[in-house]
Amino acid sequence: MNNNSKTIQKQVLNRTLVALVAILVLFGILAGRLAYLQLINYAELRNKVLQQYSSTIVLPASRGAIYDRNMKVLAMSETVETVFISPKGIKDAISKQEKSETLKESEKVDYKNLIADNLSSILGVDKSMILARMEKTGSQYEVIKKEVEEETANKVRKFIIDNNLSTMVNLEESSKRYYQYNDLASHVLGINGTDGGLMGLEKYYDDELSGTDGRIVKAKNAGGYDMPYKYETYVEAQNGSNLVTTIDVNIQSIIEKYLEKVYNDQQAKNRVAAAIMDVNTGEVLGSAVYPDFNLNDPYTLTGEFLYEYDAFVEAGVSIKTDPETGEEITKPLTEEEINKKKSDLLYEMWNNKVVSEIYEPGSTFKIVTTAIAMEEGIAGLNNDYTCVGSISVDGVNIGCHKAGGHGHQTFAETLQNSCNPAFVSLGLRIGKESFMRYFEEFGYLDLTGCDMVGESSTYYYGTNNSQFGRVELATYSFGQSFKTSILQQLRATSVVANGGYLVTPHLAKYLTDDNGNITYTFEYETDRQVISSEVSDSIVDILYGGINTGSTKNAAVEGYSIAAKTGTSQKLDIRDKDVYVSSCVAFAPAEDPQIAIIVVVDEPSVHDFYGGLVAAPVVSSILSEVLPYLEIPRNGEVEHKTITVTKMIGKTLDEAKKDLATLGLEYRVVGGGDKVVDQMPLSGSVLTEGGKVILYTEYEEEHKTVVVPNVKGYRAQDALTVLYGKGLNVRVTGAYSSSITGTPMVVIQDIEAGTEVPEGTVITVEFRYSENVYG
């Protein structure tokens, strides 16, 4: 009995111990799990609970505006609204109707179709899309349309109120980026997307412009609906900073106007570009590429890109080569191929040619070679060079653009005449080591440091490269065999305009808050001296002297001293056709340079391709408006003053005569009355001094007309004689000065020959020099 009792006690004890151990293990597991939940995974679980029992409304920060240097708005964010539905709210409303014992069947509302029909009509969206989103019955937030303007949003709001739909349809504020001038400075500004800046300044300064979103956290009850206001948490949004740029809207507009003109006149195959920079600070006053695009509609192709896309789609087939047989296989285009083509073309269109494409700068680089030679004491103003038409380097013959050569030239004339053999000789005397040292000093081996997105590096052979021999050094000396960006070339050549310093091109001046207070000022390097001020001044003088006699005649601007250099480079990497890049750089005024300009016309295809005939006239046109706008004083007489005709209609004949005399215009009276009832040219017309205004003092059904003559190809004075003789007025544009050597010819007249126009109509003619402008 005692043994049995002991056995039972032992079994009970063992079972108790086992049970106790099991309890302890279970408790340990529970304690461990509790510790894991409360200590290790606390944050994640807390977030899940908050998501389940709270809702967060994002308060979008307002993106900062972008201004030009004169505080004109370039880009701004305006308030728009997002329309969204709550499928859960719709489901609950329908369920509540079905459970109601008092609601008659005829009184029940078909919420789904009511909402879908009305939102589809008001917002212009597909009804089936709305119905599909209603099926997500666990969601309280399904977007129907974003960026809804105020007028449309008010219609939605009225619909919600009229039908008591506040738990099913709602609106929330958001913002939409708006660009004040549509396509102005499109490649500079870039565009903003859902997740921030996509290109241009919008991307480069995205952090500064974006700000920080705020939020409202609301507690939800067991039904998933918001609880009273006292359970809310509010975090205020911090708006983005405003960016004030160096761009001047007026200068930008002038640049773009003339880029569009030369693009169309020359039928450029690979776009055109230009930039103007303050030579002392590096501030970019204007930078443009044409074709441009509409910043408010950036996904629509323009210009050559639209033409290429339409041709691609119209062809309807893709041609591929079979990798095994080498045969061409033609297949119908797929939707995927069409979409990819459009996407590729959009990126090409958005690409900022000023910084992201590289080109061979041609003879504009001779400015740099001249500076190196003078700084190193290898050549100077007292030296000369005799050009016989070509020069041989290691068996390679390098010719001059002038058949038979330039003959004997002073050092200054070699640059003014853009003589390739002379610069080959200079390059070889400089030597590879010194040449590449200065190549780096002028900035070519680094990026410019500018705040334009997508800047490309210079493509070049280094001195350690076995491919960089005497022939390469020779071609480098006149700007061939290496490639750089347009902005890099403007920066490098500007060294000779500011006393020898390498500046940093840039677009940003400072940031401001919502009250206009400056919160940050951008600073840039401007004190890296590359050449002496003496060498700099000498080269500017040489370039200015070339305006009257050399290849840059067509860059001249009446009344201003312009220092300029043209460039014409063959695209040697395109072997199957002769294509060229025409360019021109200039500084003004030459006696104290303030601004530098570069114009590049890529692959002109109409007649001429030399920089002196294609790009230089664009420089002249742009500077003829920009310099007066900047209030830079003229230092010379203007031979062909332009006059804006004022309104004479309604004045007495005596008053009109007096006003025209004050303007410096002649007049002719038609009719016997004593009061002016009509005039030609009309008020606002611009003509060159020496014109005549016709004053009509009696009403006529039709004024006398004349047929416009063809004066293209005429010498300037002959063209003026013919046009004035026909009773027409003239507006002179382009280069035309008695101080310039050569004979200007009419290259463009704005009204075609044979057109019948009223007597006194203004015919705009463009003059251009063609002798010795092949640099």
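The following questions and answers concern a predicted model of one protein chain.

Visitor: What makes the protein chain more spread out than a compact globule?
Guide: Start with its make-up: 24 helices and 37 strands. The radius of gyration is 37 Å. The globule rule gives 28 Å for 775 residues. The value is well over the rule, so the chain is more spread out than a compact globule. Along the principal axes, the C-alpha atoms fill a box of roughly 140 × 80 × 65 Å.

Visitor: Why is S120 called buried?
Guide: Buried means under 20% relative accessible area. S120 has 17%. That is under the cut-off, so S120 is buried.

Visitor: Where does S120 lie, and in which helix?
Guide: S120 is in helix 4, which covers residues 111-123.

Visitor: Which residues does S120 contact, leaving aside its neighbours within four places in sequence?
Guide: They are V125, D126, K127 and I130. To count as a contact, heavy atoms must be within 4.5 Å.

Visitor: What makes strand 22 mostly covered?
Guide: Strand 22 runs over residues 508-512. Four of its five residues are buried. Each of those four is under 20% relative accessible area, because that is what buried means.

Visitor: What joins strand 22 to strand 23?
Guide: Three bridges do, and the two strands run antiparallel. The cut-off is at least two, so this is a pair as well. Strand 23 spans residues 518-521. In that strand, I518 stands opposite T512.

Visitor: How many residues lie between strand 22 and strand 23 in their hairpin?
Guide: Five. The turn includes G516, whose phi is positive, about 85 degrees.

Visitor: What share of the 775 residues is buried?
Guide: Buried residues come to 47% of the protein chain. The chain exposes about 38,100 Å², with 49% of that area supplied by carbon and sulfur atoms.

Visitor: What share of contacts joins residues 24 or more positions apart?
Guide: Such residues account for 72% of the contacts with a separation of 6 or more.

Visitor: How many positive and negative charges are there, and how far apart are their mean positions?
Guide: The protein chain has 71 positive and 105 negative charges. Their mean positions are 8 Å apart.

Technical notes. Residues are numbered from 1 along each chain as its sequence is written. This is a predicted model: local features need pLDDT of at least 70, side-chain atom pairs count only at pLDDT 80 or more; totals for chains, interfaces and linings use all residues. Side-chain values use heavy atoms; hydrogens and water are left out. The radius of gyration is taken over C-alpha atoms; the globule rule is 2.2 Å times the number of residues to the power 0.38. Buried means under 20% relative accessible area, exposed over 50%, partly exposed in between (1.4 Å probe, protein chains only). Accessible areas come from the Shrake-Rupley method with a 1.4 Å probe; for residues, only the protein chains shown count as cover. Lys and Arg count as positive and Asp and Glu as negative; His and the chain ends are not counted. The place of a charge is taken as NZ of Lys, CZ of Arg, CG of Asp or CD of Glu.
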